[in-house]
Amino acid sequence: MIPTATAATPHCRLCRQPLAIADAISIGPFPKAAQYYPEPDEFAADQGVVLQIAECPGCGLTQLMNEPVDYYKQVITAASLSPVVREQRLALFKQLRKEFTEQPRAMEIGCASGENLPLLREVGYVASGIEFSPPRTEALAMPDGVANRYLLDLGSEEYDQYDLLISFNYLEHQPDARAFLQKCHALLTDDGKLLLTVPNLDFLLTSQSAHEFVADHLVYFTADSLETALRLTGFSLIDIQIINNQYDIQIIAQKRGVGAIASSKSALDTLVARFNETLRNFTDRGQKVAVWGAGHRTLALLSLSEYHRIECIIDSAKFKHHKFAPISHLRILPPETLLTPGCNIDVVLVMVPGIYPKEVIATINALPVHYHAEQFPPDA
Ligand SMILES: [Zn+2]
């Protein structure tokens with residue numbers, strides 16, 4: 001019987017959404033591993049494996065639901081760096097080196113015999129690599145700068161230590177793409193960069209090469225799903241390229257900044273400061289200020305401001321009339337209030353959104369009683 005590994009991966013390897021085996025496409029029998037060459041006494045048992053290929057309904061990642069091959073932590077490659085690849089990588093490392101002023105630390109994840117490390121050193125990195133070797137080979141000396149470690153086993157003492165992480169065609173072998181990328185995120189400094197290549201699923205599909213699927217590769221990225229994977233794990237994409245005659249995708253990513261909300265908060269602080277200054281300009285001269293507008297944005301701004309400098313709020317919505325604003329507890333009055341001479345208002349700050357301020361100011365200016373009316377913020 002051909003093993004189908006049905007219970008292997010009930011959840012997406014990236015977004016953790018449950019996957020249904022019934023939705024998977026089965027192809028096979030395929031060789032049970034890329035690095036498996038049966039001996040004659042294994043022929044009877046060598047029935048291959050049926051690959052269960054699923055596309056996650058959540059994040060869209062194509063993946064095998066099968067168990068990983070037993071050597072998935074190891075990079076086993078016969079290829080050594082060709083002169084062309086060597087020059088390309090050297091140029092890339094050099095270009096990335098410019099991002100850092102101090103001497104940066106670089107680490108290669110799944111570095112095999114560490115052939116990239118001298119290139120990194122040549123352009124100014126302090127370079128190391130990790131490569132997993134099972135216990136039986138542990139007695140062998142590791143190449144210079146290469147530690148016998150598996151990425152997910154690295155502990156918190158390694159966090160925030162690396163300016164550049166590189167990994168070439170290794171992620172696709174890993175059973176937990178999310179944990180892999182999250183670990184990379186943790187290892188990088190705040191300004192650190194991730195350089196990653198993986199095979200290009202789009203090419204596999206457009207070239208009708210379903211025989212490219214292989215038991216060793218558990219996740220299959222398109223440019224889109226790789227970007228999704230990076231986004232889900234806290235990265236933002238800097239650069240993406242299809243390389244090696246479309247066979248591979250290469251990305252450079254960095255940790256996503258956490259500045260967007262912080263910068264929005266600081267813009268709000270500035271707006272409140274400007275509003276208080278406007279209020280003071282009038283009230284310090286003894287003028288009485290009303291605010292026109294009781295929308296939620298205006299009420300929020302008032303609640304942060306020196307609202308004791310405000311007399312009342314004017315608004316045209318009948319259902320708000322004679323109610324109190326939250327926090328400032330200013331009374332909301334109808335526009336007719338302004339028809340009464342001596343209503344104790346000199347200035348009306350118009351704080352309504354969109355196209356309305358000009359309309360409101362025109363209405364105020366047309367009143368028989370004179371008020372100074374202006375829009376706040378003036379450039380809104
Ligand atoms: Zn998913």
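This report describes the confidence, domains, cores, sheet and backbone details of a predicted model.

## Basis and confidence

Residues are numbered from 1 along each chain as its sequence is written. Because the model is predicted, local features need pLDDT of at least 70 and side-chain atom pairs count only at pLDDT 80 or more, while totals for chains, interfaces and linings use all residues.

The average pLDDT (the predictor's confidence in each residue, from 0 to 100) is 92 for the chain, and 95% of the residues score at least 70. Over residues 1–9 the pLDDT stays under 50, and for this stretch the model has 18 contacts beyond four places in sequence; a contact requires the C-beta atoms of two residues, placed from the backbone, to lie within 7 Å. Where pLDDT is low, the predicted coordinates should not be read in detail.

## Domains and nonpolar cores

The chain is divided into domain 1 (83–257) and domain 2 (262–375), with bounds that come from an automatic or database domain assignment. The C-alpha centres of these two domains lie 56 Å apart.

A nonpolar core is a set of buried Ala, Val, Leu, Ile, Met, Phe, Trp, Tyr and Cys residues joined through C-beta atoms within 7 Å. A residue is buried if 20 or more other C-beta atoms lie within 10 Å of its own, exposed if 12 or fewer, and partly exposed in between, with C-beta atoms placed from the backbone. The largest core has 59 residues, and those with the most contacts inside it are Ala106, Leu164, Leu165, Leu194, Phe221 and Ala229. Leaving aside neighbours within four places in sequence, Leu164 is in contact with residues including Leu96, Pro104, Ala106 and Tyr125. A second, separate core of 29 residues includes Trp292, Leu301, Val347 and Ala373.

## The parallel sheet

Helices (H or I, at least four residues) and strands (E, at least two) are DSSP runs, numbered from the N terminus, and two strands pair if DSSP finds at least two bridges between them. Five strands form an open sheet in the order β14-β13-β12-β15-β16, with parallel pairing. Both β14 (332–333) and β16 (372–375) stand at the edges with a single partner strand each, so one side of each is left without a neighbour in the sheet.

Strand β15 (residues 347–350) pairs with β16 in the parallel sense over four bridges, and Leu349 has Glu374 in β16 as its bridge partner. Helix α6 (residues 259–283) packs on the sheet, touching β12 (289–292), β13 (310–314) and β15, and its direction makes about 140° with that of β12; axes are lines fitted to C-alpha atoms, for helices over the stretch in contact, and angles run from 0 to 180 degrees between N-to-C directions.

## Backbone details

Most residues other than glycine have a negative phi, and most peptide bonds are trans. A cis peptide bond joins Gly28 and Pro29, with omega about 10°, and Pro29 lies in strand β1 (residues 25–30). Another cis peptide bond joins Phe376 and Pro377, with omega about -10°, and Pro377 lies in the segment after β16.

Gln208, in the loop between α4 (201–206) and β9 (219–220), has a positive phi near 50°, and it is exposed, with 8 other C-beta atoms within 10 Å. Ile327, in the loop between β13 and β14, has a positive phi of about 70° although it is not a glycine; Ile327 is partly exposed, with 13 other C-beta atoms within 10 Å.
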